[in-house]
Every structure is written in C-alpha cells, then in structure tokens.
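Let's take a walk through this protein together, starting with the whole and then zooming in on a few spots. Keep the picture in view as you read.

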Amino acid sequence: MDNTELAMFLAQTAHESGNFRSTTENLKYSASTLMKLFPSRFPTREKAEAVVAGGPEAIGNAIYGGRMGNSATEGYKYRGRGYIQLTGKNNYSLFDKLVPEDIIANPDLVATKYPLQSASFFFDNNKLWSICDKGSNNTVVTELTKRINGGTIGLEERIKLFNKFYTLLI
C-alpha cells in the first residue's frame with residue numbers, strides 16, 4: 001500500500017466512523033433526514049415520521065430491510081458497523097469467511113473486534129484500491145466517496161481528511 005492509498009483509506013474510514021470514534025451506525029435519524037438520504041424509501045413525511053417513532057430498530061429495518069441480502073426484519077441486525085460501516089447480510093456473509101468467529105450470528109463483532117479489518121475487506125471486495133491508484137486529488141476522493149457512499153455525502157470533510165492524511169504521510 002502506498003501513501004496515496006493509505007491516505008484515501010484513512011480519510012474514508014475516518015469520515016464513516018466519526019474520526020474512529022463510532023463503530024456502529026446509530027440510526028437516530030429525523031424524518032427530514034430520512035427523506036433526504038432515502039427518498040425512495042420515505043416519499044412522504046408521514047411515512048418517515050411513523051418509522052422514526054419506532055426508533056433505531058424500525059429505522060434500520062425500513063432502510064436496509066429486504067435488500068443487501070437482508071430479510072425485511074434484518075435491516076437493523078446488519079446495519080453499518082466497523083470503520084467503513086459494513087452494511088447488509090451479503091457483506092457480513094462475505095466478511096464472515098475471513099474471520100474465525102461466526103459474524104452472521106454475532107454481527108457486533110464487526111464493531112467490537114474487527115472494525116479495521118472489515119474496512120480493509122470492504123476496500124478489497126469492492127476493488128476500491130484501484131480508484132485510490134488514480135491519483136491524489138479531489139476528483140479521485142469524489143469517485144471513491146461515490147463508490148463507498150452511493151453519493152457525495154460528507155465529501156467536503158472527506159477531501160479535508162484526505163489532504164490532512166496525505167500531507168502527514170508524504
């Protein structure tokens with residue numbers, strides 16, 4: 001791994017984990033945030049408010065249930081964990097093959113024992129290192145962010161973090 005790859009990895013994982021302080025997605029979204037981040041799942045304020053009233057478990061199931069290998073009621077169980085916020089039963093199942101413990105039965109291990117290894121796995125599994133190899137500029141950080149996040153949420157901070165880590169490493 002070269003300095004550019006490491007700076008890209010650190011910037012993305014730092015952003016996704018709140019500067020390495022959080023290893024579990026909290027799912028404490030407001031109705032308006034749910035509508036903004038997941039418009040297809042929350043097309044109306046009423047639907048978003050009803051889910052918010054159910055708390056984090058209801059939010060997780062509404063956001064992630066029925067996709068990424070999750071049943072309708074497994075969205076919360078396989079919510080984002082680790083420094084890259086590994087999400088979905090499909091990702092947990094793939095990561096499970098790399099560690100000795102049963103991650104499917106004990107998904108909290110991603111947060112408590114494997115936050116860094118799961119992030120590295122995510123980069124490997126999604127071929128993100130090849131994006132990192134394209135250069136040390138904002139365009140590359142943006143492309144990487146879109147692949148990780150599905151959009152550009154937090155892009156300004158991710159660019160700032162990349163520049164900070166890159167400067168420290170060169």
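Predicted model: local features only at pLDDT ≥ 70, side-chain atom pairs only at ≥ 80, totals over all residues.

With 170 residues, a compact globule would have a radius of gyration near 15 Å, and this protein has 16 Å, which agrees. That radius is taken over C-alpha atoms, and the globule rule is 2.2 Å times the number of residues to the power 0.38. Along the principal axes, the C-alpha atoms fill a box of roughly 50 × 40 × 25 Å. Residues are numbered from 1 along each chain as its sequence is written, and side-chain values use heavy atoms, with hydrogens and water left out.

What is the protein built from? It has 10 helices and 0 strands, so the terms matter here: both are DSSP runs numbered from the N terminus, helices being H or I with at least four residues and strands E with at least two. Now look at contacts, which are heavy atoms within 4.5 Å. Among the contacts with a separation of 6 or more, 52% are between residues 24 or more positions apart.

Next, see how helices pack. Two packed helices are described by the angle between their axes and the distance between the axes. The axes are lines fitted to C-alpha atoms, for helices over the stretch in contact, and angles run from 0 to 180 degrees between N-to-C directions. Helix 1 (residues 3-16) packs against helix 7 at about 120°, with the axes 11 Å apart. That makes helix 1 oblique to helix 7; angles under 35 degrees count as roughly parallel, over 145 as roughly antiparallel, 65 to 115 as roughly perpendicular and the rest as oblique. On the helix 1 side you'll find F9, Q12 and T13, which meet L116, A119, S120 and F123 of helix 7.

Helix 7 (residues 115-125) is also the place of P115. With a relative accessible area of 11%, P115 is buried. Leaving aside neighbours within four places in sequence, P115 touches T23, G82, Y83 and V110. T24 is 91 residues from P115 in sequence, yet their C-alpha atoms are 9.3 Å apart in space.

Now jump to helix 9 (residues 138-149) and helix 10 (residues 155-169), whose axes come within 10 Å and cross at roughly 125°. These two helices are therefore oblique to each other as well. Helix 9 brings N138, V141, T142, T145, I148 and N149 to the contact, while helix 10 brings L155, R158, I159, F162 and N163.

Finally, which residues of helix 4 (residues 55-64) are buried? They are G55, I59, G60, N61, I63 and Y64. Their cover includes helix 2 (31-37) and helix 3 (45-53). Just after helix 4, G66 takes a positive phi of about 75°. Further on, the loop between helix 4 and helix 5 (89-96) holds E74. E74 counts as buried at 16% relative accessibility. Apart from neighbours within four places in sequence, E74 is in contact with N61, G69 and K89.

Note on methods: Buried < 20%, exposed > 50% of the residue type's maximum accessible area, 1.4 Å probe, protein only.
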